[in-house]
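Here is a short report on one protein chain.

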Amino acid sequence: MPVGALVDLHDQGRMTWTEREHGWVAVPDEVLEALARGGFQECKREMTTSRRDRRPAGGVWQGLNTRTGSVASAIWVNRAAWPRAIIFITVDGEAVKGIEGPSADRDP
């Protein structure tokens, strides 16, 4: 089920699975760009700002693949002082979990 561009991010070490949070550690924009390269067109994108530093606390994204009818969603929570966030990704309601490869189960 993983989108090919997500596999590429994973294989490059730019997206890693963390069992502790049951989610991905990555830069949200890179994940969203990978989903777009996988054919998902953005339908919804919202970010929440609740910190004093005005950095978004997290966000929600949803995209539709008009060719297949599949829907992808990403929800992320930014971590203070970390450039990467915890991201939860689903495609057609199923969580995208571990991707086989050299960086699986590594938490940076």
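## Salt bridges

A salt bridge here is a side-chain nitrogen of Lys or Arg within 4 Å of a carboxyl oxygen of Asp or Glu. By this rule the count comes to 5 salt bridges. Asp 29, Glu 42 and Arg 45 are linked in a network of such bridges.

This is a predicted model: local features need pLDDT of at least 70, side-chain atom pairs count only at pLDDT 80 or more, and totals for chains, interfaces and linings use all residues. Residues are numbered from 1 along each chain as its sequence is written, and side-chain values use heavy atoms, with hydrogens and water left out.

## Pairs across the chain

Helices (H or I, at least four residues) and strands (E, at least two) are DSSP runs, numbered from the N terminus. The side chains of Glu 30 and Arg 14 form a salt bridge, at 2.1 Å from N to O. Glu 30 lies in helix H2 (residues 28-37) and Arg 14 in the loop between helix H1 (4-11) and strand E1 (15-18), so the pair ties together parts that are 16 residues apart in sequence. Burial is set by relative accessible area: buried means under 20%, exposed over 50%, partly exposed in between (1.4 Å probe, protein chains only). Glu 30 is buried at 18%. Arg 14, at 36%, is partly exposed.

Asp 29 and Arg 45 also meet through their side chains in a salt bridge, with 2.6 Å from N to O. This pair links distant parts of the chain: Asp 29 is in helix H2, Arg 45 is in strand E3 (residues 41-48), and they are 16 residues apart. Asp 29 is partly exposed, at 41% relative accessible area. Arg 45 is partly exposed too, at 34%.

## A further pair

Which residue does the side chain of Glu 46 meet in a salt bridge? The partner is Lys 44, at 3.8 Å from N to O. Glu 46 is partly exposed, with a relative accessible area of 46%. Lys 44 is partly exposed at 37%.

## Strand pairing

Two strands pair if DSSP finds at least two bridges between them. E1 and strand E2 (residues 23-26) pair in the antiparallel sense over 4 bridges. Met 15 stands opposite Ala 26 in E2. E1 and E2 form a hairpin with 4 residues between them. In the turn, His 22 has a positive phi of about 55°.

E2 also runs antiparallel to strand E6 (residues 85-91), joined by 3 bridges. Here Ala 26 stands opposite Ala 85 in E6. In a regular strand the side chains alternate between the two faces of the sheet.

## Around Gly 63

Gly 63 is found in strand E4 (residues 58-64). Is Gly 63 buried or exposed? Gly 63 counts as buried, at 0% relative accessibility. Contact means heavy atoms within 4.5 Å. Leaving aside neighbours within four places in sequence, Gly 63 is in contact with Phe 40, Gln 41, Glu 42, Cys 43, Ser 70, Val 71 and Ala 72. Gly 63 and Val 91 are 28 residues apart in sequence and 9.4 Å apart in space, C-alpha to C-alpha.

## Overall make-up

The protein chain has 2 helices and 7 strands. From the N terminus on, the elements run α-β-β-α-β-β-β-β-β. Buried residues make up 39% of the 108 residues. Of the contacts with a separation of 6 or more, 50% are between residues 24 or more positions apart.

The accessible surface comes to about 6200 Å², and 50% of this belongs to carbon and sulfur atoms. Accessible areas come from the Shrake-Rupley method with a 1.4 Å probe; for residues, only the protein chains shown count as cover.
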